[in-house]
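Reader: Hi, I have a structure open and I'm new to this. Can we walk through a few spots together?

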Amino acid sequence: VTSRSEPPASCARLRVTGEMACVGWDDLRLDENELASIARMRGHALPPEAAAGMRERTQGWAAGIVLLLEHAKLSGRLAELPGDAAPQGVFDYLAGEIFARFDPKMQAFLLRIACLPRMTAEIAQSLTGEPKAARLLLNLALNNYFVSEVQSPEGRSFQLHPLMREFLRARAAQELPEAIGAKQLQRAAGLLRAAGHADAAVSLLAEARNWSEAAGVIAGEADAMLAQGRSATLATWLDWLPQAFAAGDRRLLLAQGDCRLYASPRAARRAYE
């Protein structure tokens with residue numbers, strides 16, 4: 001441990017000589033076994049699937065895990081299922097300890113990107129009008145401030161921490177509702193699809209209940225997804241659509257049959273017929 005007044009050159013020397021080690025976020029985040037052990041200490045016996053779900057939601061963030069476990073003491077259940085709202089204790093912590101420390105410009109930027117499951121710097125800039133979006137996202141990611149950098153075939157992209165995104169969406173609903181409105185979701189979906197993030201685009205179109213556009217994206221992506229072995233994801237997308245949309249498009253009917261051919265031959269045959 002070094003003091004804040006320690007000269008940078010001195011810190012570098014200690015690192016070179018092995019007298020100082022740097023411990024980063026990847027070292028500090030809790031794995032599933034550590035999470036389950038903490039839960040047992042607090043009176044919760046988590047089955048493996050529940051521990052995995054909680055870790056996915058908290059990303060190994062110790063404070064988030066403790067707050068979810070404390071909430072479970074009061075409510076009698078763990079808020080871990082998809083679609084569960086984060087407990088008020090998590091929101092209060094994020095509001096008081098994290099969000100309030102940002103300047104108004106950063107707060108507005110975060111609220112406007114809250115709708116995005118994933119983003120590139122270019123998408124964030126287009127959606128928010130913030131010319132320094134790339135710098136803001138990179139600084140947040142480098143400081144592990146509830147934003148992580150993701151490397152993908154499409155290039156560098158960023159993701160908000162799941163609990164932070166839930167908080168920001170709830171905050172936007174109160175302070176900036178247009179940031180998560182249907183018009184903004186549709187605009188964000190278009191930017192995501194153009195950048196090659198079809199999964200995120202479909203989820204936003206479904207949330208906006210823009211079924212005609214969602215159906216078009218699914219039909220356009222179906223062949224590639226089947227070739228990649230992603231039939232389960234494709235089946236989920238098709239299940240989201242109202243039946244009238246699938247029944248009226250031969251491309252979607254063919255996709256329904258193809259992605260269910262081995263898992264449910266009878267259902268596949270009905271789609272083919």
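Predicted model: local features only at pLDDT ≥ 70, side-chain atom pairs only at ≥ 80, totals over all residues.

Reader: Where is H161 found?

Author: H161 sits in the loop between β2 (155-160) and α10 (162-175).

Reader: Is H161 buried or exposed?

Author: H161 is buried, because its relative accessibility is 9% and the cut-off for buried is under 20%.

Reader: You mentioned F146. Which loop does F146 lie in?

Author: F146 lies in the loop between α9 (133-142) and β1 (147-152). F146 counts as buried too, at 12% relative accessibility.

Reader: What about the phi of F146?

Author: The phi of F146 is positive, about 65°, and F146 is not a glycine. Most residues other than glycine have a negative phi.

Reader: And what is the phi of R209?

Author: R209 has a positive phi of about 60°, and R209 is not a glycine either. R209 is in the loop between α12 and α13.

Reader: Is R209 buried or exposed?

Author: R209 is exposed, with a relative accessible area of 61%. The cut-off for exposed is over 50%.

Reader: New topic: helices. At what angle do α11 and α12 pack?

Author: Helix α11 (residues 182-194) and helix α12 (residues 198-207) pack at about 165°. Their axes are 8 Å apart. That angle makes α11 roughly antiparallel to α12. The crossing of α11 past α12 is left-handed.

Reader: Which residues meet there?

Author: From α11, there are L185, Q186, A188, A189, L192 and R193. They meet A200, A201, L204, L205 and E207 in α12.

Reader: How many of those are nonpolar, polar or charged?

Author: In the contact of α11 with α12, eight are nonpolar, one is polar and two are charged.

Reader: Last one, α16. Which residues are buried there?

Author: Helix α16 covers residues 250-260, and its buried residues are L252, A255, Q256, G257, C259 and R260.

Reader: What do the buried residues of α16 pack against?

Author: Four helices: α13 (211-227), α14 (231-240), α15 (243-247) and α17 (265-272).

Reader: And which residue caps the N-terminal end of α16?

Author: D249 does. A side-chain oxygen of D249 lies 2.8 Å from the backbone nitrogen of R251.

Technical notes:
Residues numbered from 1 in each chain as written. Heavy atoms only, no water. Helix = DSSP H or I, 4+ residues; strand = E, 2+ residues; numbered from the N terminus. Buried < 20%, exposed > 50% of the residue type's maximum accessible area, 1.4 Å probe, protein only. Axes fitted to C-alpha atoms, helices over the stretch in contact; angles between N-to-C directions. Parallel < 35°, antiparallel > 145°, perpendicular 65-115°, else oblique. Left-handed = near helix turned anticlockwise from the far one by under 90°. Contact = heavy atoms within 4.5 Å. Nonpolar A, V, L, I, M, F, W, Y, C, P; charged D, E, K, R; others polar. Polar contact = N/O pair within 3.5 Å; in protein donor to acceptor, adjacent residues only side chain to side chain.
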